[in-house]
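Trainee: Could we go through the ligand site together?
Mentor: Gladly, let's take a look.

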Amino acid sequence: MSEIVKRINKIENEIQKACLAHKRNRADIQLIAVSKRHPACAIEEAFNAGIRAFGENYCQEALDKQQALSHLDIDWHFIGPVQSNKTHDIAQHFNWLHSLDREKIAKRLSRQRPEHMPPLQVLIQVNIDDEASKSGIPLEQLSTLAQTVIDLPQLELRGLMTLPNPAKPAIDGFISLARALNMLQQQFPNNKLDTLSMGMSQDMSPAIDAGATMVRIGTAIFGQRP
Ligand SMILES: *Cc1c(COP(=O)(O)O)cnc(C)c1O
């Protein structure tokens with residue numbers, strides 16, 4: 001068995017253990033394999049082991065791999081910061097965006113999303129611990145940006161994403177994000193706000209405890225990034 005297949009089996013075990021411990025259904029949690037800085041052949045190996053969703057942070061790197069892997073039916077997630085000059089490629093080549101944090105970017109993405117494609121599935125990134133250095137919006141701006149995204153025809157708002165402050169207990173940030181989603185669900189009851197993208201290799205279990213529906217796992221699947 002290859003290293004990647006072994007690691008996927010191990011992470012799958014850990015997800016199931018966390019589900020059991022925190023009374024969650026395995027079927028309600030999607031594993032996103034974060035393949036940034038790893039080659040297309042590593043993605044293909046993970047695909048052959050059953051993974052269908054892959055997360056990438058850098059646009060050009062992702063497009064190169066998508067081209068090499070166009071024979072595979074992959075669900076592509078963009079999870080890195082979005083620069084204005086990359087919105088065109090993201091709108092054309094991804095199914096999901098986890099890291100929306102500006103109205104200007106939202107408008108460009110909706111305008112540039114081809115009409116023959118389903119709406120881009122969007123998560124708003126929240127800077128849950130208000131760290132100065134981090135991308136994501138503060139909680140106070142969430143309803144306004146959510147309303148903007150909901151009003152855009154080629155975007156579908158699905159939920160929230162966060163990267164918690166590594167200096168604090170991860171569970172606190174995850175619980176805050178889950179509460180924020182709850183609030184949005186009450187504010188926008190007619191939208192399908194069902195997604196909480198939180199938890200990485202080091203903090204997956206607390207994220208599942210707090211209600212994650214997507215976990216973004218890189219190192220624990222592909223090993224250290226080169
Ligand atoms: C790199 C990255 C991950 C994966 O992190 P690991 O610690 O390697 O599991 C998850 N989410 C985002 C936004 C990332 O940039």
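Mentor: A residue is near a molecule if one of its heavy atoms lies within 4 Å of it. This is a predicted model, where local features need pLDDT of at least 70, side-chain atom pairs count only at pLDDT 80 or more, and totals for linings use all residues. Residues are numbered from 1 along each chain, and side-chain values use heavy atoms, without hydrogens and water.

Trainee: How many nonpolar, polar and charged residues does the shell around the ligand have?
Mentor: The ligand's surroundings include Val34, Lys36, Asn57 and Arg225. Ala, Val, Leu, Ile, Met, Phe, Trp, Tyr, Cys and Pro count as nonpolar, Asp, Glu, Lys and Arg as charged, and the others, Gly among them, as polar. By class, the shell has 5 nonpolar, 4 polar and 3 charged residues.

Trainee: Which residue has a polar side-chain atom 2.6 Å from an oxygen atom of the ligand?
Mentor: A polar contact is a pair of N or O atoms within 3.5 Å. Arg216 places a polar side-chain atom 2.8 Å from a ligand nitrogen, while Gly218 has a backbone N or O atom 2.8 Å from a ligand oxygen. The side chain at 2.6 Å from a ligand oxygen belongs to Thr219.

Methods:
Polar contact = N/O pair within 3.5 Å; in protein donor to acceptor, adjacent residues only side chain to side chain.
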